[in-house]
Amino acid sequence: MSADFWAGYISGAVGILIGNPLDLIKVRLQARDAIAAQTPTSYARQFETKSTLVAGTAAPVLGYGALNALLFVSYNRSESALNAAFHTQHSLWATWLAGAIGGLATWVVSTPTELIKCRAQLSSPPESSWSIAKHVLKTEGLKGLYFGGVVTALRDSIGYGFYFWSYELSSTWVESSKPNASAFSQDAAKVLLCGGLAGVVTWASIFPLDVIKTRVQTQTFSAETTPLVGTLISEQRPLSAIEVARDAYKEGGMRVFFRGLTVCSVRAFIVNAVQWAVYEWIMVELGQGRNKRLDPI
């Protein structure tokens, strides 16, 4: 396996472990009526048991590690191929397009991972990721794990385009503004700051899509049970992303598409600062620092 595969896998798993508590609040805010009052006390009540802190982490730790590995490998190879094809170097448009390609490539992993994670975080009583995955496979088959795949692919493609674009843009700005800083202090501060900013920019650019994705994937269709989100669908027919978006707008206007963005932004800055730091450190340790560009496949 290549250096960027392992760096992506490990940094992705670390990011999930750090960010899961705030991610749980984000998902419950996005889901209709999952958190009645948006106050610090109501947020704290989401963690009444220790197990809640890691609710839904099993699928993301395994899945997001693989997703992150696939993302960075696809991004690095795509960027190298685009720069070689158009005879450019460090082009921001190529960076955005390579990020979008990398994000689209993660669809096969991100869709089932997100579906299982969101349902685990909203389940009451709590269910493990494994039991939810088994239930989906038993009742809906393999295609059930890819429910909401189109909106997930759109979210990931756009989001990761801005993710790498904003990281490269902010890195260039920091390097140009502090040319005399020592190598260690410059790199450490730059990676943490630029990684955090990239996370915030990414989520701000695709948060409405993420709200729709969460609501689409947390529907249940059994007549014997109450859906995780929303009211029972008498025909047991899942709502499409467009129908979910229309219902969400009727419920709370445009504000509903940004519910949980503040919590998500705090989480995004912390998680992505650490995630990029881990990624860059592993790449340097494996002899593939930022100054060494990978060749396209």
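Begin by selecting aspartate 4 and arginine 77, which form a salt bridge whose closest N and O atoms are 2.6 Å apart. The model shown is a predicted one. This pair links distant parts of the chain, with aspartate 4 in helix H1 and arginine 77 in helix H3, 73 residues apart. Because its relative accessibility is 1%, aspartate 4 counts as buried; arginine 77, at 15%, counts as buried too.

Next, display helix H1, residues 3–30. Of its 28 residues, 20 are buried, and the helix is thus mostly covered. At asparagine 20 there is a kink of about 60 degrees, shortly before proline 21.

Now select tyrosine 279. Leaving aside residues up to four places away in sequence, tyrosine 279 touches Asp4, Ala7, Gly8, Ser11, Phe72 and Asn76. Tyr279 is also among the residues that touch the most other members of the largest nonpolar core, a set of 25 residues; the others are Tyr160, Tyr163, Phe164, Tyr167 and Trp276. Helices H1, H3, H4, H7, H8 and H10 each give two or more residues to this core, and H3 gives the most, with six. Apart from it lies another core, of 23 residues, including Ile116, Phe147, Val211 and Ala248.

The aromatic side chains come next; the whole structure contains 16 aromatic pairs. Select phenylalanine 72 and tryptophan 276, an edge-to-face pair with 5.3 Å from centre to centre and 80 degrees between the planes. Phenylalanine 72 belongs to helix H3 and tryptophan 276 to helix H10, 204 residues apart. Both phenylalanine 72 and tryptophan 276 are buried.

Then move to tyrosine 163 and phenylalanine 164. Their ring centres are 5.3 Å apart and their planes lie at 75 degrees, so this pair is edge-to-face. Tyrosine 163 has a relative accessible area of 2% and is therefore buried; phenylalanine 164, with 1%, is buried as well. To view the surrounding group, select Phe72, Tyr75, Tyr160, Tyr163, Phe164, Tyr167, Trp276 and Tyr279, which form one aromatic cluster.

Finally, return to the charged residues, where the structure holds nine salt bridges. One of them joins lysine 117 to glutamate 114, with the closest N and O atoms 3.5 Å apart. These two residues are separated by about one helical turn because they lie three residues apart in helix H5. Lysine 117 and glutamate 114 are both buried.

Glutamate 251 is partly exposed at 32% relative accessible area, and arginine 259 is partly exposed at 22%.

Notes
Residues numbered from 1 in each chain as written. Predicted model: local features only at pLDDT ≥ 70, side-chain atom pairs only at ≥ 80, totals over all residues. Heavy atoms only, no water. Core = buried A, V, L, I, M, F, W, Y, C linked by side-chain atoms within 4.5 Å. Buried < 20%, exposed > 50% of the residue type's maximum accessible area, 1.4 Å probe, protein only. Helix = DSSP H or I, 4+ residues; strand = E, 2+ residues; numbered from the N terminus. Contact = heavy atoms within 4.5 Å. Phe/Tyr/Trp six-rings, centres within 6.5 Å; stacked < 30°, edge-to-face > 60°. Bend = angle between axes of the 7 residues up to and from the residue. Salt bridge = Lys/Arg side-chain N within 4 Å of Asp/Glu carboxyl O.
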